[in-house]
Each structure stands twice: as structure tokens, then as C-alpha cells.
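Here is a friendly walk through one structure for you to follow on screen. Keep the viewer open while you read.

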Amino acid sequence: MSAEKKTVYVVVCAAGPAGDVGKLIDMAHERGWDVQVIATPSALAFIDTDALEKQTGRSVRSEHRAPGSPRSPKADAIIVAPATFNTINKLANGIADNYALDVVNEAIGLDIPVVILPFTNVAYTNRTPFQRSIDALRSEGVPILIGPEGFEPHDPGSGAATRDTFPWHITLASL
Ligand SMILES: Cc1cc2nc3c(=O)[nH]c(=O)nc-3n(C[C@H](O)[C@H](O)[C@H](O)COP(=O)(O)O)c2cc1C
């Protein structure tokens with residue numbers, strides 16, 4: 001890994017496409033990014049941590065480091081994908097009750113570019129609190145790639161069928 005390379009944090013939440021996050025890592029590597037994967041605690045059950053560590057050359061982080069242990073390289077940009085209903089709502093309200101949320105909350109305050117690609121069904125998406133979260137994050141300058149140009153919410157129970165068409169690539173394009 002070269003010292004001049006920029007680092008993108010890929011924050012993975014506990015939704016169907018999480019197991020395919022290696023696709024996004026390949027795309028990011030092709031564009032010259034170093035990648036640091038950060039998983040929410042719930043996302044750990046969805047991903048192959050060993051495979052992602054081999055792919056990125058970095059430990060997958062899901063907890064705060066112990067005092068005195070080395071920091072991860074600073075993020076030049078952050079992609080949250082797939083982003084859950086839960087994490088989007090918490091982030092919009094400044095809740096930082098896990099490491100991933102802590103990192104993203106702070107990055108928004110530091111004006112580090114953050115882009116969010118949700119994976120939510122129409123039932124979640126239609127909820128008023130979720131719509132408020134999208135508006136709140138966009139008003140802070142955080143793109144949420146949902147709608148005709150981004151992720152199109154699916155019917156409840158049909159997420160597995162749409163996993164292969166999850167548009168990972170649009171996150172990098174929007175950074
Ligand atoms: C098999 C499975 C699939 C799930 N798929 C989704 C999903 O597509 N989108 C979503 O927002 N939540 C989904 N959930 C619910 C989230 O995993 C749950 O809300 C969790 O608390 C989210 O944690 P996180 O936001 O910290 O990653 C799923 C849960 C399970 C067990």
C-alpha cells in the first residue's frame with residue numbers, strides 16, 4: 001500500500017447486500033483507494049471478515065480501539081453501504097452508540113465527504129421518521145443515494161432478489 005493513496009472507509013450495516021461488499025472494495029481499489037472496512041456490530045454476522053481483511057490488508061473494525069493501540073489511517077472519504085433503516089435514523093439524530101456511527105457522525109462534523117447508499121424496503125422507506133432522516137442528512141450536505149438515480153426500494157420480503165443489482169458503483173462516482 002502506498003503512503004500517497006487516499007483512504008476510503010466503507011461502513012457496512014446489517015442488510016442483505018453486506019456479504020457482497022467485496023465488490024465495492026474491488027471497485028475502490030481499481031480507482032486507487034485504500035479501503036478500511038468498518039462494520040456495525042450487527043453487520044459482523046453478514047460479512048466474511050477474514051476474506052475482507054485479506055482483500056483490504058487491514059483489520060475490519062467494529063469496536064473502538066483500546067487506549068494506546070494504533071489508530072486507523074484517517075479517512076479521506078466515507079461510504080456507508082449498505083445503509084440500514086436503523087443506522088440512517090440514528091445517524092440523522094446524532095446517535096453514536098457503536099463505533100461505526102461514532103466515526104460517521106464525527107466525519108460529517110469535520111466535512112469529510114460521506115455518501116450513503118441505503119438498502120431498505122418500501123415499508124421502511126415510507127416511514128415519516130425515515131423521510132425526516134433523509135431530509136436532515138441531505139440538509140447537512142450528505143448525499144443519500146435513494147430514488148430513481150440511486151437505490152430503488154423493494155417490496156418487503158423481496159430484498160434477496162435485488163441483491164445482485166445493488167448499485168455499489170454509484171457511491172464511488174458520487175465522491
Ligand atoms: C437477514 C436480515 C436481513 C435484514 N435486512 C435488512 C435490510 O435490508 N435493510 C434494513 O434496513 N434492515 C435489515 N435488517 C434489519 C437490521 O439488520 C437491524 O435493524 C439491525 O439492528 C441493523 O443494525 P445496524 O444498523 O447497526 O447495522 C435485516 C435483518 C436480518 C436478520
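Around the ligand there are 15 residues, and C13, A14, A15, T40 and T84 come nearest; a residue counts as near a molecule if its C-beta atom, placed from the backbone, lies within 6 Å of it. This is a predicted model, in which local features need pLDDT of at least 70, side-chain atom pairs count only at pLDDT 80 or more, and totals for chains, interfaces and linings use all residues. Residues are numbered from 1 along each chain as its sequence is written.

What does the shell around the ligand have by class? There are seven nonpolar, eight polar and no charged residues, where Ala, Val, Leu, Ile, Met, Phe, Trp, Tyr, Cys and Pro count as nonpolar, Asp, Glu, Lys and Arg as charged, and the others, Gly among them, as polar. Helix 3 (residues 85–92) gives the most to this shell, with three residues. Helices (H or I, at least four residues) and strands (E, at least two) are DSSP runs, numbered from the N terminus.

Now for the fold as a whole. The protein has eight helices and four strands, and along the sequence they follow the pattern β-α-β-α-β-α-α-β-α-α-α-α. The C-alpha trace spans about 40 × 30 × 30 Å along its principal axes. For 175 residues, a compact globule would have a radius of gyration near 16 Å, and the 15 Å of the protein agrees with that; the radius is taken over C-alpha atoms, and the globule rule is 2.2 Å times the number of residues to the power 0.38.

A residue is buried if 20 or more other C-beta atoms lie within 10 Å of its own, exposed if 12 or fewer, and partly exposed in between, with C-beta atoms placed from the backbone.

| Residue | C-beta neighbours inside 10 Å | Class |
|---|---|---|
| I47 | 20 neighbours | buried |
| D111 | 9 neighbours | exposed |

I47 sits in the loop between strand 2 (34–39) and helix 2 (49–56). Leaving aside neighbours within four places in sequence, I47 is in contact with V12, A18, G19, V21, A39 and L52; contact means that the C-beta atoms of two residues, placed from the backbone, lie within 7 Å.

D111 belongs to the loop between helix 4 (99–109) and strand 4 (114–118). Although D111 is not a glycine, its phi is positive, at about 65 degrees.

One more backbone detail deserves a look: the peptide bond from A81 to P82 is cis, with omega near -15 degrees. P82 is found in strand 3 (residues 77–83).
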